[in-house]
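Dear colleague,

I am handing over the structure we spoke about, and you will find it just below. My notes on what was found in it follow after that.

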Amino acid sequence: MLSDCKGATATITEDHFRKIREAMDQALLPQWVLTDPEIYALEHEKIFPRTWQFLAHESELKNPGDFVTRWMVDDPVLLVKGEDGVIRAFLNSCTHRGTYLCAADSGNRRTFTCPYHGWTFNWHGDLVGVALGNTLYGAELDRSAMGLRPLPRLESVYGMIFGNLDPHAMSLREYLGDMLWYFEILLKRTAEGMEVIGVPHRWVVEANWKLTYENFTGDPYHVQSTHRSTVELGITPHRAGEDGRMGHQIVLTHGHGVNITQLTYVPPHPYQHTPESLWPLFEQSLSPVQARLLKHASVLVGGVFPTLSFVSPQHGTEGEVFNYLNFRVWRPLGPYKVEIWSWCLIDKEAPSDYKQQAYRAYVGSFGPSGTLEQDDTEMWSRVVQASRGHMVRNKNLAYNNFANYLMGYGRVEPDPTFPGPGQAYPGFVDAVSRSIHQYWFELLTADNAAEVMSHEL
Amino acid sequence: MNYELQLDITRFLYCEAQLLDHHQYLEWLDLLSKDLRYRVPVRVTRERKEGSDVVYEMTYFDETYASLERRVRRLYVKSAWVADPPPRQHHLVTNILVEPGDTPDTCRASSVVLVLRSRGSVEELDRIVGEREDTFRREEGQWKLLSRDVRVDEAVLHAINLSMFL
Ligand code: FES
Ligand SMILES: [Fe+2]
């Protein structure tokens, strides 16, 4: 299996993979896999170029010529809106000698000219200008073959644009599966939907992408300890009789997951403390089952494997709490580093003073200065700090070097009365984390070398 | 130039930096006006023709006195893990230029701040550098910070979080 891999996997053997598998069968995960450089190289080869990655929200590109530049792990991506309203995505690199083409984070341009030798591309990626082209080039230059290289796949749902480097990947909708139903609650709950406020926060933290993804997607357990201070200060609401365990963890396909904490009664501020003017819109756009879930929900939090997470909470640093939707990409920069991209989205139809308050609530809770994020980043950093040593890194697992995901294992069964799709476990369990590991392992060990070759990738 | 004002405000900024460096956040709050507006806008990489590269629609801080006070009080809570064990940090304040305001009881100052923070035994320092635009108002004989805008240089921050203030 491993001899087929292009990456250098010099020391990981079949036996080590067998041991990972056996550990996972007991709801354990060998700790060495978290930050091992060879595993990281394998993830680069087998996971990131074959899975759907979030790039942008459609509200970030309003007019023809609007562009944003993004990263799909290490690949620079240029997204630009055409006169036809279509958003296209290209490798942000000149086809002449590979210069990073558009150096701005966002803006509006008629064309993109590479400063190195002066080649120019339009909104469709066509090569429309070659400096001194008529005097220097003849038939040897086929301009039609020198357009910007499009991402092999670009698809979107409910305003969320995703790319995939694998031309043969399953469709985005098939990949998301039942996550679509939960995306509707988050993104399609009014006719106009959500809009991005300003620009994403970006910062580099000491962390591994698997842990940050798992933290949002499958770990509501950490909230009572990591974020206790925000409950004490009223930044995170706590209502009488409310308990984070009142809710469900929903295991979805392909390593995706959602957690919904809910109250058994209709909260005094239903629909997550959103403004009352939005409630009838929710009831119009959502199915009665979806609307009911949202009405009772405290927090919705989850993720789309491998690098997208989201949370729709209620927070505030001035006594009152507000609802916003936070999407974030964990861009891996190495086994120990993640660049976080964090977007704040708010219902387009919300009153403008509510939008202002909700944006401030986001800044006070998530993003680099967020009172919840501060302690999250501290924890993720501490895990990485303790993951470099001989004991943790021992691949023969001689030091009991496992992280455990035992909660509810073999004991808590899915709740058949939960009205949404997926396997919904009641209360706190590690079911989503275990399913993330399964999918991660499946992709990592898939024998796709021959297939990769046939795509000439 | 008003030497006394320049000296007063410079001393204010140095004392403020020392309070922040020593994690004396409650004492720091005493330097702030109750009408404070405190903002740290996001900075982006943008072509010159697009105009300003400072984005006020999204910020790292967009605070009032009340929200800052709550952030401060959190840092004293036992479970504010980011603050205990405390990181070591310094605010280096320099390039201070003070101008009188429109009324005798106000003034404004620009300065450059470099914040360095060391956590645990982590090798790399967290670092933030930016330019402050402050306004001050005299309240009951004392200068108070009335507004602060900090324009950080980085579009991608290299600090794992901003548990400190700028
Ligand atoms: S590298 Fe872009 S024009 Fe030569
Ligand atoms: Fe958290």
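**Aromatic pairs**

Over all chains, a search of the whole structure, which is a predicted model, finds 30 aromatic pairs. One of them is formed by Phe183(A) and Phe310(A), whose ring centres are 6.0 Å apart and whose planes stand at 75 degrees; since an angle over 60 degrees counts as edge-to-face, the pair is therefore edge-to-face. This pair links distant parts of the chain, with Phe183(A) in helix H5 (residues 179-187) of chain A and Phe310(A) in strand E17 (residues 308-312) of chain A, 127 residues apart.

**The two domains of chain A**

Chain A is divided into domain 1, covering 53-156, and domain 2, covering 178-450, and the centres of these two domains, taken over C-alpha atoms, are separated by 34 Å. To the contact between them, domain 1 of chain A brings 12 residues and domain 2 of chain A brings 14 residues. The area buried between the two domains is about 1100 Å², with carbon and sulfur atoms giving 59% of it. Of the area that domain 1 of chain A buries against domain 2 of chain A, 43% is supplied by Phe54(A), His57(A) and Trp71(A), which is more than any other three residues supply.

Between the two domains, four residue pairs are counted as being in polar contact. On the side of domain 1 of chain A that touches domain 2 of chain A, strand E2 (53-57) and strand E3 (66-72) of chain A each supply at least two residues, and E2(A) gives the most, with four residues. The residues of that side divide into four nonpolar, four polar and four charged.

**Backbone points to check by eye**

Most residues other than glycine have a negative phi, and most peptide bonds are trans. Against that background, a cis peptide bond joins Phe305(A) and Pro306(A), with omega about 5 degrees, and Pro306(A) is found in the loop between strand E16 (297-304) and E17 of chain A. In chain B, Asp84(B) and Pro85(B) are joined by a cis peptide bond with omega about 0 degrees, and Pro85(B) lies in the loop between helix H3 (65-75) and strand E3 (88-100) of chain B. Finally, His273(A), which lies in helix H9 (residues 270-273) of chain A, has a positive phi of about 65 degrees although it is not a glycine.

With best wishes

Key
Residues numbered from 1 in each chain as written. Chains lettered and ligands numbered in written order. Predicted model: local features only at pLDDT ≥ 70, side-chain atom pairs only at ≥ 80, totals over all residues. Heavy atoms only, no water. Domains from an automatic or database assignment. Contact = heavy atoms within 4.5 Å. Buried area = accessible area lost by both parts, 1.4 Å probe. Polar contact = N/O pair within 3.5 Å; in protein donor to acceptor, adjacent residues only side chain to side chain. Nonpolar A, V, L, I, M, F, W, Y, C, P; charged D, E, K, R; others polar. Phe/Tyr/Trp six-rings, centres within 6.5 Å; stacked < 30°, edge-to-face > 60°.
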